[in-house]
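Good morning, colleagues. Please turn to the sequence and the structure on the screen, and I shall take you through two parts of it.

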Amino acid sequence: TVPPLGRAAAALRFACPLQSAAPAGKLTAPVLLEAPEQPSRALAAVAGLLLSPPAAAPVVVDGDLVDWPPAVGNVAGAFWRAGRPAAARAETNAYVRHDKEFLYFAFRCDLPAGAAPTADAVNRVRYDQWMALGEDLVEIILDPTTRADSADDLYRLTIKANGIAIAARGLPGGERFWPVEAQVAASHGENVMYIEAAIPRAAFGAAGASRQWRVNLLRTTAGVPEASTWAESMRNPYDPKSLGSLILMEE
């Protein structure tokens, strides 16, 4: 129940078999809003869900995705323009796998026709609020506990198109150093950019052994320009409540 001209928050909980993970890593449930003497309004509640399959052998982090076999539920796609209810103009697909030591992520990012990716050769990024400026990059946001209260509790790995990686905790502009020996690689072809990363699970302490995580994936495109996000966060992509779920499947 919502008071006239007021606001109310409701927690929506729905369950499904893991095997029913939707394309692009997104599950959709219908929501019907009803009000006296008004037509009903149909909305869609979207929950991000990625299923990470166990890797039979360590993934070679070289910027070549040929060793990423297809799996059910491990593809994040259908990125949204950050802060807007519209699909991203530059398509991004991300993939996830894991083994006992690492979380592996890979990105395939479309580029504007004829454009090469842009990245500064420095280990910092300029932001306007939370949008990176003038560079092609991706960002992995992780909550290994699923209990983060604020962005200060989140782990962030930013990887530029030239392979420079920046590890931090907290919001852009107020972050603090996160000591992690992540392996990263970047490459590009005609109208496409590839990025790979292997993140040591030991860098999260005891939480690195968790099977259920919270995650968001961001991408900034210099040539459009555009910032996009996998989890459909309409305001702040670093809000822990807006993250999607990541489940590490057992062998």
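Is strand β11, residues 165-169, mostly covered or mostly uncovered? Please bear in mind that this is a predicted model. Strand β11 is mostly covered, with four of its five residues buried; buried here means under 20% relative accessible area.

Let us now consider the partners of this strand. With strand β10, residues 155-160, strand β11 forms an antiparallel pairing over five bridges. Within that pairing, L157 is found opposite A167 of β11. The two strands make a hairpin with four residues between them, in which G163 adopts a positive phi near 90°.

Strand β11 also pairs with strand β12, residues 176-177; these two run antiparallel and are joined by two bridges. Here A168 faces F177 of β12. This pair is likewise a hairpin, with six residues between β11 and β12. In its turn, G170 has a positive phi of about 100°.

I turn next to a pocket. Rolling a probe the size of a water molecule over the atoms shows where empty space is left. The second largest pocket holds about 180 Å³ of space.

Which residues line the second largest pocket? The lining consists of R81, A82, R84 and R89, then D128, Q129, W130 and M131, and finally P225, E226 and A227. Sorted by class, five of the lining residues are nonpolar, five are charged and one is polar.

To conclude, strand β11 is paired with β10 and with β12, and the second largest pocket has both nonpolar and charged residues in its lining. Thank you for your attention.

How values were computed:
Residues numbered from 1 in each chain as written. Predicted model: local features only at pLDDT ≥ 70, side-chain atom pairs only at ≥ 80, totals over all residues. Heavy atoms only, no water. 1 Å grid on protein atoms, 1.4 Å probe; cavity = no way out; pocket = protein on both sides within 12 Å on 5 of 7 lines; lining within 4 Å. Points joined across faces, edges and corners; volume = space filled by probe spheres on them. Nonpolar A, V, L, I, M, F, W, Y, C, P; charged D, E, K, R; others polar. Buried < 20%, exposed > 50% of the residue type's maximum accessible area, 1.4 Å probe, protein only. Pairing = 2+ DSSP bridges.
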